[in-house]
Amino acid sequence: MNQPATGGDPGRNFLSVADARSAILESIEPVIGWERVAVRSALGRILAEDVIAPCNVPAHDNSAMDGYAVRAADLAAGADSALTVVGTAFAGKPFSGIVGLGQAARIMTGAEIPEGADTIVVQEVVRREDNRVFVPPGQRAGQNLRRAGEDLALGGTALAAGSRCGPAELGLIASLGIAEIIVHRRLRVAFFSTGDEIATIGRPLAPGQVYDSNRYTLYGALSRLGCELIDMGVVADNPSALEAAFADAAQAADVIITSGGVSVGEADFIREMMTRMGEVSFWKLAIKPGRPMAFGRIGNARLFGLPGNPVAVLVTFYQFVQDALLKLMGVSPLPAPGLFEVICTDTIRKQAGRCEYLRGRMSRTDGRISVAQAGAQGSGILRSMSEADCFIVLPEDCIGVQAGERVLVQPFDGLV
Ligand code: AMP
Ligand code: MG
């Protein structure tokens with residue numbers, strides 16, 4: 001694939017975060033494939049077609065309050081109006097009569113508006129005497145009604161193709177009485193760790209080894225996205241093992257994600273193997289942590305070669321891979337980056353020329369949100385990610401932060 005123009009510090013040929021993101025996103029299209037699933041199974045899935053409302057929601061004009069259904073024309077402007085109560089409308093048990101001249105019906109929240117009535121007066125403001133109700137002046141014609149179709153109108157697009165189904169979408173689909181919908185098939189993602197020193201968990205560590213944590217952070221991040229996972233374990237820095245792993249992954253998956261071996265290191269055969277087996281660019285990104293990253297394809301599979309350092313894996317995953325996976329999954333439009341400004345309580349030193357993603361922790365004092373760094377910031381210190389609840393994003397041109405200045409943060413968790 002073509003190497004996009006480099007940004008960042010041009011002298012050192014670094015690629016800016018924005019350029020890398022757009023190069024990735026522009027070069028991928030959603031994968032083809034759909035399936036029909038029951039509403040509950042659609043949680044986290046992406047709609048493959050618009051959901052068209054087969055009915056109005058609400059289905060009927062109904063009352064938003066407990067009170068009395070009246071005719072606005074019966075109400076006097078300057079005095080109480082006395083009306084005769086002729087029946088009661090319950091939710092699910094309509095009043096079958098008609099509210100005539102000078103009449104009212106008792107009505108409960110959600111009950112269908114009886115014929116003849118056009119306005120709801122809340123029960124708290126009226127006076128009731130036997131079968132008569134006294135309505136004070138000051139009511140507005142049509143008040144406290146929920147109109148048929150005001151939530152979702154018959155024939156309208158209730159949800160657009162490309163929407164990701166969260167709790168609200170499941171409820172919305174159910175509110176239309178729809179039991180099954182068409183979603184994009186799950187994205188198949190193969191992933192493995194590389195490196196001779198990487199040890200599988202559950203066994204004693206030999207001298208010089210480190211336990212494989214990247215495969216677990218990636219497992220977590222990919223599972224949350226709803227991908228179908230193909231965990232290929234740890235692959236040694238060995239040409240034939242790597243070749244076999246890439247060949248298997250390219251056969252089985254839409255996307256291959258590796259960690260380690262993409263910087264220029266002596267025993268890292270992975271760069272060589274990626275180049276030989278596919279079309280891959282090796283980027284030096286203007287980012288910290290996470291400078292080296294490979295992107296391209298092997299066979300029909302997209303390839304993301306992430307750096308080896310555990311924090312760099314997560315930073316590059318969230319800044320480059322996640323949206324790419326969402327696009328491949330069929331999500332459209334992609335979610336807006338969740339960035340906002342808060343006061344930083346730390347003084348932070350920084351060089352211009354690269355975007356830094358520090359791990360931060362937000363707190364609220366006197367109603368104001370502020371952020372501080374979450375522990376030591378080395379790219380191998382995974383604890384900083386675990387203790388953090390946001391990235392502090394310092395853009396390329398930032399040359400440091402004084403305590404009390406505002407910084408951009410990107411929270412880890414959204415509500416829905
Ligand atoms: P590399 O990019 O392969 O040179 O790796 C950079 C650093 O990340 C080295 O210190 C590796 O030991 C470490 N590393 C690589 N892969 C993993 C992994 N799967 N789990 C934990 N640390 C890793
Ligand atoms: Mg390595």
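Modeller: E35 sits in strand β1, residues 34–38 (strands are DSSP runs of E of at least two residues, helices runs of H or I of at least four, both numbered from the N terminus). The model is predicted: local features need pLDDT of at least 70 and side-chain atom pairs pLDDT 80 or more, while totals for chains, interfaces and linings use all residues. Residues are numbered from 1 along each chain as its sequence is written, chains are lettered from A and ligands numbered from 1 in the order written, and side-chain values use heavy atoms, without hydrogens or water.

Is E35 buried, exposed or partly exposed? E35 counts as partly exposed because its relative accessibility is 34% (buried is under 20% relative accessible area, exposed over 50%, partly exposed in between, with a 1.4 Å probe and protein chains only). Beyond its neighbours within four places in sequence, E35 is in contact with R45, I181, I182, V183, R185 and R186 (contact means heavy atoms within 4.5 Å). V183 is 148 residues away along the chain, yet its C-alpha atom and that of E35 are 5.5 Å apart.

Next comes a sheet. Six strands make up this open, mixed sheet, in the order β16-β13-β17-β21-β20-β18. Strands β16 (228–235) and β18 (279–284) each have a single partner and stand at the edges, so one side of each has no neighbour in the sheet. On average, neighbouring strands are turned by 15 degrees against each other, direction ignored (axes are lines fitted to C-alpha atoms, for helices over the stretch in contact, and angles run from 0 to 180 degrees between N-to-C directions).

Within this sheet, β13 (residues 188–194) runs parallel to β17 (residues 255–259), and five bridges join them (two strands pair if DSSP finds at least two bridges between them). F191 faces I257 of β17 there. Helix α4, residues 239–252, packs on the sheet and touches β13, β16, β17, β20 (292–298) and β21 (301–306). The direction of α4 makes about 175 degrees with that of β16. Another helix, α6 (residues 310–329), lies across β17, β20 and β21 and runs at about 170 degrees to β21.

In α1, residues 17–26, the buried residues are V17, A20, A23, I24 and L25. Their cover includes α6 along with β18, β19 (287–288), β20, β21 and β23 (355–365).

A pocket is an open set of points on a 1 Å grid over the protein atoms alone, with protein on both sides within 12 Å along at least five of seven lines; lining residues have an atom within 4 Å of a point. This pocket is lined by 45 residues, and Y318, Q322, P411, F412 and G414 lie nearest its centre. Elements giving two or more residues to that lining include α1, α6 and β26 (406–411).

Strand β26 has a partner too: β22, residues 340–344, pairs with β26 in the antiparallel sense over four bridges. V342 stands opposite V407 in this pair. Strand β22 also pairs with β24 (residues 368–373), here in the parallel sense over two bridges, and S370 of β24 is the bridge partner of I343.

Note on methods: On a 1 Å grid over the protein atoms alone, a cavity is a set of points where a 1.4 Å probe fits but cannot get out, and a pocket is an open set with protein on both sides within 12 Å along at least five of seven lines; lining residues have an atom within 4 Å of a point.
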